[in-house]
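This report describes the domain arrangement, nonpolar core, overall dimensions and chain contact of the structure shown below.

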Amino acid sequence: MRFELNDDQRELREFVRAFLERHAGPEAVRAAALDGDGFAREAWERLTGEMELTALAIDPERGGAGASFVEVGIALEELGRTLLPVPYLPTVVAAAALAGAPEAGELLERIAGGAAAAVALDGDGIEARAGAGGLLVSGTASYVIDAPHAELFVCAARLDGEPTPVALRRGEGVEVEPLMTLDATRRQGELRLDGAPALRLAAPGEGEAALGRARDLLSVGLAVEAVGAAARIFEVTLDYLRERVQFGRPIGTFQALKHRCADLAAGLEAARSTAYYAAWAADGAPEELPVLGPLARAVCNDAFLKVAAEAIQMHGGIGFTWEHDAHLYFKRAKSTELLGGGSRAWRRLAAERAGILG
Amino acid sequence: MDLRHTPEDERFREEVREWLAENLTGELAELPPGTGGPGREHEALELRKEWERRLGAGGWIGIGLPKEHGGRGATLMQQVIFAEEYARAGAPGRVNHMGENLLAPTLVAFGTEEQRKRFLPGILRGEELWCQGYSEPGAGSDLASVRTRAELRGDRWVINGQKVWTSLAEHADWCFAVVRTEPGSERHRGLSYLLVPMKQPGVEIRPITQITGTSEFSEVFFEDAETDADNVVGEPGEGWRVAMGTLGFERGVATLAQQIGFERELRETIAAARESGAIERPEVADRLIDAWVELRAMRYQAMRTLGGQDPVAASISKLLWGPWHQRLGELAVDVRGAAATVTGPDYELDAAQGLFLFSRADTIYAGSNEVQRNIISERMLGLPRG
């Protein structure tokens, strides 16, 4: 049993981190999230172009690099540290959903080539019906993260009464209303479909399982991303505790703060282990994924929310300002929780799937 | 990352299972799971001493020690597998944890060849039991404050002072103790790591009755107690380094094994909640679910840090499991309701009551959680000392 990353994986982490430090510093994030339209386009083009990060999760025969979700998780964790507004997570989840469909080759190639995707996997507001040239989908999906910048969409649609994953591209019959969001680093859109042509991504009888896997991958991705984000704002906070002097000494010498930091560290370490295990299990033990998806999401989001909330408190007044980044992390943590039904619901779901209470 | 077991590990697991199935029989097999575990070390002692000798005869003590010192040279993963299978089989708590897991690796790392030859076989055969003499009335979390002293008179160390919170002291043949051997020395300097026979007139043992009404721990008084001049591990004055080295041997095997016991306690609590009907209350169901979720996270944490060199990992682990175990203890009595308020006629506690009360100690012993927080915040997080 080896839990540590191999040399290639460590190299990937260094590579992504070095790139993000150069091109996705706090100023670039704020420019895109707070002053722009919530999409760091230039960084996205380089991440998907020269860095080939979206190709990571795609089969080599379909234009990708054929890596596992561990590698994708490394990229997600690093992106999570920065809160860079790019639609990497929904795009790799869409790629995973497309991987099962033989006819999705062209869509996968587009993703490998840098096209952004959004996913709408919850809710039952979309209906699909057979049309002349294939499926046509109509309906509405709300709170779709990264939808305003997406060229492709993977949605849960109801087809002959059965939940079915479908893929469609931006075009006729597809309308996205961009929304400003509490967490400005991750914008949302309302997706309105009116007879849009779509591709079915699962055979009859297999739709629910395919959607389940996509949702669980999204959860694992959010878990890894949360660990990265929590680690970063924790580092910023620890730096501040070492530097900020009050009563003639660095405030980091006070046990009232030290002990809270130790508790945060313990929660964050456990979350990190859970996220890494889940990222490994996505390909290494897929039978565990239905339990691990919601479990990891709950554990990691809870740890993130605690760290981000404490980051504001430990920074004191400056932590309450728009100018400081602490609020960006706090809002990311809470919004991510609210979007998926909440930690309590994920814990119950994980326990139900594991049959814990019988 | 590759988290699957190797075929060799699976074969090892089979071997352990078979041996346990063949040997854990008769009265031993009748013992309820958890017998003799933490907080219950007074239970079925004679039977467990006999079991320790049987384990020794089978070559299952100190399996992680190198072969030349009488172990099996088992890998860390094999040690975990043994501990997991041991716990799964419901085998009773071990009587010589101190000798096997703390002293034996210390002798391998710091002892002389003569000391290893003299003391390792007794541990590995399950015949000589050890206790630990660290804590004192004035040296709890602050171990460097020990005042028990020893002076060399001819070829004998003569020891005077008091140790406290010594597990199974009245059953131990020997004690490894940290004592002050340089008069007037302070803190970490001037301490030595001595091996002291317990069965001698200068050693008096007084059991401590805990909040459970039972006694796992004792006070140990040394009044001109003696040991051979050779029975010092490392150089005289180097006791702190040796004792701290001992703590470093815990690299996560025991944590993973401990979690098997936690899983059993959680299962029993869920079963009790079902029986009492408390599980129907959403608040109780959520607390049970939280306990399960957090235990999973602790397991992944223990897997990730297994065998690592970072000493702070043990502090993180303790911050996670201590409070978790206390909450489980609270749940264990909560799900039973009023029924948990009645004991046996002589204050005999059931497993839930024992768990509820004994787990109060989990955040105190082996370095209180406040001390662990200091260690984490200074050594891992780089916050300045006050």
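## Domains of chain A

Taken over C-alpha atoms, the centres of domain 1 of chain A and domain 3 of chain A are 21 Å apart. The model from which this value is computed is a predicted one. Chain A is divided into domain 1, covering residues 7-112, domain 2, covering 117-204, and domain 3, covering 208-354.

Between domain 1 and domain 3 of chain A, the contact involves 18 residues of domain 1 and 23 residues of domain 3. On the domain 1 side, helix 4 (69-82) and helix 5 (88-99) of chain A are the elements that give two or more residues. Helix 4 of chain A provides the largest share of that side, nine residues. By class, the side of domain 1 that touches domain 3 in chain A comprises eleven nonpolar, four polar and three charged residues.

## Nonpolar core

The largest nonpolar core contains 234 residues, of which A:Ala117, A:Val137, A:Phe153, A:Ala167 and A:Ala230 touch the most other members. Helix 7 of chain A (residues 207-243) gives the most to this core, with 19 residues.

The surroundings of A:Phe153 can be listed individually. When neighbours within four places in sequence are left aside, A:Phe153 is in contact with A:Ala117, A:Ala118, A:Ala120, A:Ala167, A:Leu168 and A:Leu191.

## Fold and dimensions of chain B

Chain B has twelve helices and eight strands. Its C-alpha trace spans about 70 × 50 × 45 Å along the principal axes. The radius of gyration of chain B is 21 Å, which agrees with the value near 21 Å that a compact globule of 386 residues would have.

Of the 386 residues in chain B, 45% are buried. Among contacts in chain B with a separation of 6 or more, 73% join residues 24 or more positions apart.

## Contact between the chains

The contact between the two chains takes 38 residues from chain A and 37 residues from chain B. On the chain B side, helix 8 (253-276), helix 9 (282-305), helix 10 (312-334) and helix 12 (369-380) each supply at least two residues. Helix 9 of chain B accounts for the largest share of this side, 14 residues.

The residues of chain B that touch chain A divide into 22 nonpolar, six polar and nine charged.

Conventions
Residues numbered from 1 in each chain as written. Chains lettered and ligands numbered in written order. Predicted model: local features only at pLDDT ≥ 70, side-chain atom pairs only at ≥ 80, totals over all residues. Contact = placed C-beta atoms within 7 Å. Helix = DSSP H or I, 4+ residues; strand = E, 2+ residues; numbered from the N terminus. Nonpolar A, V, L, I, M, F, W, Y, C, P; charged D, E, K, R; others polar. Core = buried A, V, L, I, M, F, W, Y, C linked by C-beta atoms within 7 Å. Buried ≥ 20, exposed ≤ 12 C-beta atoms within 10 Å, placed from the backbone. Domains from an automatic or database assignment. Rg over C-alpha atoms; globule rule 2.2 N^0.38 Å.
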